[in-house]
Amino acid sequence: MNQPVPLPSNNAPARIGQGTAVEQSRAAAEVQAAVVVAQQCPRNIQAAVAEMRESCKQQGLAERAFFRYSRGGQNITGASVHLARELARVWGNVQYGLVEMRRDDEYGQSEMQAFAWDVQTNSRNSSTFIVPHRRDTKNGPKQLTDMRDIYETNANNGARRVREAIFAILPPWFVEEAKDLCNQTLRDGGGKPLAQRIADAIKVFEGIGVTADRIEARFDRDSGKWTEHDVAQLLVIYKSIQRGEVTAEDEFPPPRVSADELTGGKTPKPADAPLDGAA
């Protein structure tokens, strides 16, 4: 009697190459080694706090420490994945990552998993989610077929989950102090005088087509009255525009032109009436 041939599972590849098998064995051994090392060399909390404070004083990290984007007519801000990765590094004995578990080209979606694991305390946070292969545009959703576009969409969606997973296993006081220090670094501006930082901010925004009057309209005051907080906020907005999280038009709407400005205050003359019989 012939036995039925088992069909391969839809959630697993039909075969596993030698390189994949070796990588699976290596990953399992690496995890075990990480746990042993974490137990033998526990973190020094005082040293981690000192390194975190030193990192957050660096202008390069502070400029990338926050994100900003628009949703439902409101601006959403928070700590970025760049800050989360740096805090995971200085805290020590933390593993995190993003895995594409399965890609379904027929349905146009990828199944992803983001995780963060404190191997010393065995505190772990993970989330599994579906990323559709499409991008929202002003003309509606656009289906993605290019491999690079799909990769970038998966990476962008996964970065937010990785960020939340890292923050979920780090002590809240550690994260809050880091955010406060990064904000302070942005307000200090690397020791530059406030007037120079204001001039530099206006110059970089003019480079992307945003004039000073549009920025002044947003803050509802002249540039000479801007504070350190205003300049720090402008820097976060500029970095978010560069990363494509927001657009310059959303953050700094161009001034509306009235009918009087278009016509120079003159009333347009009515068009001549058509002759009898004319179409």
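Modeller: Helices (H or I, at least four residues) and strands (E, at least two) are DSSP runs, numbered from the N terminus. This is a predicted model, where local features need pLDDT of at least 70, side-chain atom pairs count only at pLDDT 80 or more, and totals for chains, interfaces and linings use all residues. Residues are numbered from 1 along each chain as its sequence is written, and side-chain values use heavy atoms, leaving out hydrogens and water.

Biologist: OK, where is Asn44?
Modeller: Asn44 sits in the loop between helix 1 (18-40) and helix 2 (45-56). A polar atom of its side chain lies 3.2 Å from the backbone nitrogen of Ala47.

Biologist: Switching topic: how many salt bridges are there?
Modeller: The count is 14, where a salt bridge is a side-chain nitrogen of Lys or Arg within 4 Å of a carboxyl oxygen of Asp or Glu.

Biologist: Which residue does Glu152 pair with?
Modeller: Glu152 forms a salt bridge with Arg148, with the closest N and O atoms 3.2 Å apart. Both are in helix 5 (residues 147-169), 4 residues apart, about one turn of the helix.

Biologist: And what does Arg218 meet?
Modeller: Arg218 and Glu251 meet in a salt bridge through their side chains (3.1 Å, N to O). Arg218 is in helix 8 (residues 212-219) and Glu251 in helix 10 (residues 248-251), so the pair ties together parts 33 residues apart in sequence.

Biologist: Is Glu251 buried or exposed?
Modeller: Glu251 is buried, at 1% relative accessible area. Buried means under 20%, exposed over 50%, partly exposed in between (1.4 Å probe, protein chains only).

Note on methods:
Polar contact = N/O pair within 3.5 Å; in protein donor to acceptor, adjacent residues only side chain to side chain.
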